[in-house]
Amino acid sequence: MIARALRHLRAHPVSSSFAATLVLTSLVCGTLWRAHPRWLAASPAAIADGRWWTPFTALLVPDSLIELILTLLLILTVLAYAERLLGTVKSVLLIVGTGV
């Protein structure tokens, strides 16, 4: 089972890294047990206030535990499949381009 997981990590580095990043940012920002930090939320008002980074942080910090679980399921299935078809570089461009 561990060997299978390691094969998946090697075969899908973008998907695996993105999933790990989401879990890590959820733990660091505390979105698993309390409200999402508003200074990370993306909105036209936030950008107008000078918080230009919010469209990028909105990709990396889920709002809740439910969103984290659903996003991880999508990343480890759909994104992993797309990564296998498109390749690593195009997958990264896909995440950034469609997410922002």
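These are my notebook entries on a predicted model of one chain.

**Ground rules**

I number residues from 1 along the chain as its sequence is written. I ask for pLDDT of at least 70 for local features and 80 or more for side-chain atom pairs, while totals for chains, interfaces and linings use all residues, and side-chain values rest on heavy atoms, with hydrogens and water left out.

**Entry 1: the overall fold**

I started with the secondary structure and found six helices and zero strands. Helices here are DSSP runs of H or I with at least four residues, strands are runs of E with at least two, and both are numbered from the N terminus. Along the sequence, the pattern reads α-α-α-α-α-α.

Of the 100 residues, 30% count as buried. I call a residue buried under 20% relative accessible area, exposed over 50%, and partly exposed in between (1.4 Å probe, protein chains only).

The chain exposes about 6,600 Å², and carbon and sulfur atoms supply 73% of that area. Such areas come from the Shrake-Rupley method with a 1.4 Å probe, and for residues only the protein chains shown count as cover.

I also looked up the contacts, meaning heavy atoms within 4.5 Å. Among contacts with a separation of 6 or more, 66% join residues 24 or more positions apart.

**Entry 2: helix 2**

Next I followed helix 2, residues 13–29. Its 17 residues reach 24 Å from first C-alpha to last, close to the 24 Å expected at 1.5 Å a residue. The expected span is 1.5 Å times one less than the number of residues.

Which residues of helix 2 are buried? I listed V14, S15, S16, F18, A19, L22, T25, S26 and C29. An α-helix has 3.6 residues a turn, so residues three or four places apart point the same way. The buried residues of helix 2 pack against helix 1 (2–11), helix 4, helix 5 (65–86) and helix 6 (88–99). After helix 2 comes G30, and I noted its positive phi, near 80 degrees.

I75 sits in helix 5. I75 counts as buried because its relative accessible area is 4%. Setting aside residues up to four places away in sequence, I75 touches S15, F18, A19, L22 and A80. The C-alpha atoms of I75 and S15 are separated by 5.9 Å, though the two lie 60 residues apart along the chain.

**Entry 3: E83 and H12**

I moved along helix 5 to E83. E83 is at 4% relative accessible area and is therefore buried. Beyond its neighbours within four places in sequence, E83 is in contact with A11, H12, P13, V14, S15, T88 and S91.

What lies 2.9 Å from a polar atom of the E83 side chain? I found the backbone nitrogen of V14 there. For a polar contact I take N or O atoms within 3.5 Å; within protein, one must be able to donate a hydrogen and the other to accept it, and residues adjacent in sequence count only if both atoms are side-chain atoms. E83 and V14 are 69 residues apart in sequence, yet 7.4 Å apart in space, C-alpha to C-alpha.

H12 belongs to the loop between helix 1 and helix 2. With 8% relative accessible area, H12 is buried too. A polar atom of the H12 side chain lies 3.5 Å from the backbone oxygen of A80. Residues up to four places away aside, H12 touches A80, E83 and R84.

R84 is also in helix 5. R84 counts as exposed because its relative accessible area is 56%.

**Entry 4: the surface**

I looked for salt bridges (a side-chain nitrogen of Lys or Arg within 4 Å of a carboxyl oxygen of Asp or Glu). The count comes to one. The pair is D49 and R51, with the closest N and O atoms 3.9 Å apart. D49 is exposed at 59% relative accessibility, and R51 is partly exposed at 24%.

Last, I looked up a nonpolar surface patch: W52, W53, F56, V92 and V96, with about 500 Å² of accessible area together. Patch residues have over 30% relative accessible area and no salt bridge; like charges are joined within 9 Å, and nonpolar side chains (Val, Leu, Ile, Met, Phe, Trp, Tyr) within 5 Å. F56 is in helix 4, residues 54–60. F56 is partly exposed, at 41% relative accessibility.
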